[in-house]
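Please examine the sequence and the three-dimensional model shown here.

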Amino acid sequence: MFKISRHGLGAAVCGRICVFLARIAGPRAPCRRLVNDRSGATAITVALMASALLGITGLTLDVGDWYGTRSAMQSATDAAALGGAVAMFEGDNQTQIIAATTTDAGLNDTSGLAKGATLTVDVDMNNNVVTATMTKTASLLLSGLFLRTAPTISVTAKAGLDDNGSPVCLLITDPNGSTSLTGSAGINAGTPTAGCDIVDNSTAADVMHVTGSATVDAQVNCGPGGPNGYGTTGSASFNPTATECAAIDDPLASWPVPPEVNQPCTYTNLSYTGSKSATLSPGVYCGGLSLTGSATFTLQPGIYVFRNGPLKQTGSGGINGTSGVSLYFTGTDSYLDLTGSGTDTIVAPTTGAMAGIAVYQDSSTPDGTSADTNTLTGSGGLNLTGTLYFGHQTLNVTGSGTINENSPFTSMVVYDLNYKGSGTLDLNSNYSGTSVPRLHGLSTHAVSLLQ
């Protein structure tokens with residue numbers, strides 16, 4: 001293999017010729033100097049090093065440009081995903097959400113480096129997630145001398161409605177309803193700095209009105225109707241003052257029906273009266289269950305289905321369901337009526353099909369039908385731990401006592417709420433005080449980047 005000198009001849013061949021001439025002409029012959037000349041190799045080495053250095057410099061400059069482009073694209077993509085999630089939060093449809101992502105991506109490309117990039121958007125309405133992806137072929141400047149193909153820059157951002165936001169302990173779902181509290185009744189859901197939120201989805205002119213000395217205390221009082229829909233009379237008050245917030249979709253409207261609901265009747269038209277205590281078992285109570293007198297009724301753990309009939313408890317007795325009890329109401333004339341003066345305790349299951357749900361009334365009766373009137377009276381000690389769902393029906397709260405005073409937490413979803421009397425409805429939010437799970441769908445949504 002030849003090494004090419006700066007004279008363009010093979011050093012080995014040239015050397016042999018010059019050695020022969022040197023023997024004739026003497027040691028100072030020009031060819032001897034030529035044999036010892038290594039300057040051509042140095043020039044080649046320098047040229048190769050200069051080329052490598054130029055390539056590294058060019059690649060470094062281009063990588064810096066690519067990094068800046070990627071950073072600009074990521075900022076624009078983050079803004080696009082968040083903009084789409086905000087549009088989703090505000091109830092926009094898929095077309096409007098995609099339009100919002102495009103607009104926000106453009107508004108946040110302040111450097112112009114993301115110009116020419118392709119934005120694709122995936123809208124997952126079921127999981128409340130917007131995913132934005134932006135791709136662009138990188139520019140080749142000096143590195144184009146060494147790279148045949150330009151790399152592709154790709155970034156992704158995912159944003160959605162974070163259900164781990166502020167907990168909602170009372171959600172009123174009627175979009176046109178009007179809630180009233182009269183007398184000295186009160187709802188205690190905490191304070192503006194500690195507690196849970198009360199959200200009313202109504203946009204009526206009179207969303208919620210409290211009179212007399214009634215009070216509504218919560219971490220937040222809000223709804224899509226805005227503060228103008230919240231009124232007071234006398235010394236009644238909202239603490240804090242009501243504000244506007246987005247409506248919350250009913251998180252339990254499509255709750256899976258547990259298998260027990262479709263089983264044959266276990267009991268029919270069952271009633272107990274007198275002072276003799278009894279233990280009741282889970283099952284299907286067709287035609288309802290009536291508990292009267294001074295007896296205490298212990299409910300064994302499980303799901304109690306009330307089909308085409310109510311659960312009524314009156315008198316001075318009580319209900320003791322402290323170990324994972326869920327009451328499920330379905331069919332006509334099926335509702336909850338706890339109006340006795342005794343102590344009633346229901347603690348929702350911690351596992352299983354009804355985990356976290358103490359009371360569930362399904363949608364088999366049309367919204368707001370007066371035939372199914374759920375009533376809680378606070379004259380006795382009434383403590384319900386978990387979530388109470390009356391998303392299609394009215395809940396009446398009456399009496400002079402305190403409801404849920406000793407419950408770690410109570411959440412309610414009601415279609416309409418009527419509250420009369422001088423009692424207090426406590427909606428505590430000590431979620432760590434029990435193993436009963438809080439339903440995370442029951443919270444005010446916060447838009448955030450998920451990826």
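The points below concern nonpolar cores, a strand with its partners, and a loop residue. The model is predicted, and its largest nonpolar core holds 57 residues. Strand β18 (residues 283-291) is mostly covered, and S407 counts as buried.

**Nonpolar cores**

- Within the largest nonpolar core, L170, L327, L336, L376 and M412 touch the most other members.
- Strand β28 (residues 382-398) makes the greatest contribution to this core, giving six residues.
- Another core, of 20 residues, lies apart from it and includes L171, C245, V305 and M354.
- Neighbours within four places in sequence aside, the contacts of L170 are I187, D197, I198, V199, M412, V414, L417 and L427.
- In soluble globular proteins, nonpolar side chains tend to be buried together.

**Strand β18 and its partners**

- Of the nine residues in β18, seven are buried.
- Five bridges link β18 in the parallel sense with strand β16 (residues 267-272), and L291 in β18 has Y272 opposite.
- Strand β20 (residues 302-307) runs parallel to β18 and is joined to β18 by four bridges; V305 in β20 stands opposite V284.
- Strand β21 (residues 311-313) also pairs with β18 in the parallel sense, over three bridges, and L311 in β21 is the bridge partner of L289.

**Loop residue S407**

- S407 is found in the loop between β29 (402-403) and β30 (410-419).
- S407 counts as buried because its relative accessibility is 3%, and buried means under 20%.
- Residues up to four places away in sequence not counted, S407 touches N383, L384, T385 and N428.

Key:
Residues numbered from 1 in each chain as written. Predicted model: local features only at pLDDT ≥ 70, side-chain atom pairs only at ≥ 80, totals over all residues. Heavy atoms only, no water. Helix = DSSP H or I, 4+ residues; strand = E, 2+ residues; numbered from the N terminus. Buried < 20%, exposed > 50% of the residue type's maximum accessible area, 1.4 Å probe, protein only. Contact = heavy atoms within 4.5 Å. Core = buried A, V, L, I, M, F, W, Y, C linked by side-chain atoms within 4.5 Å. Pairing = 2+ DSSP bridges.
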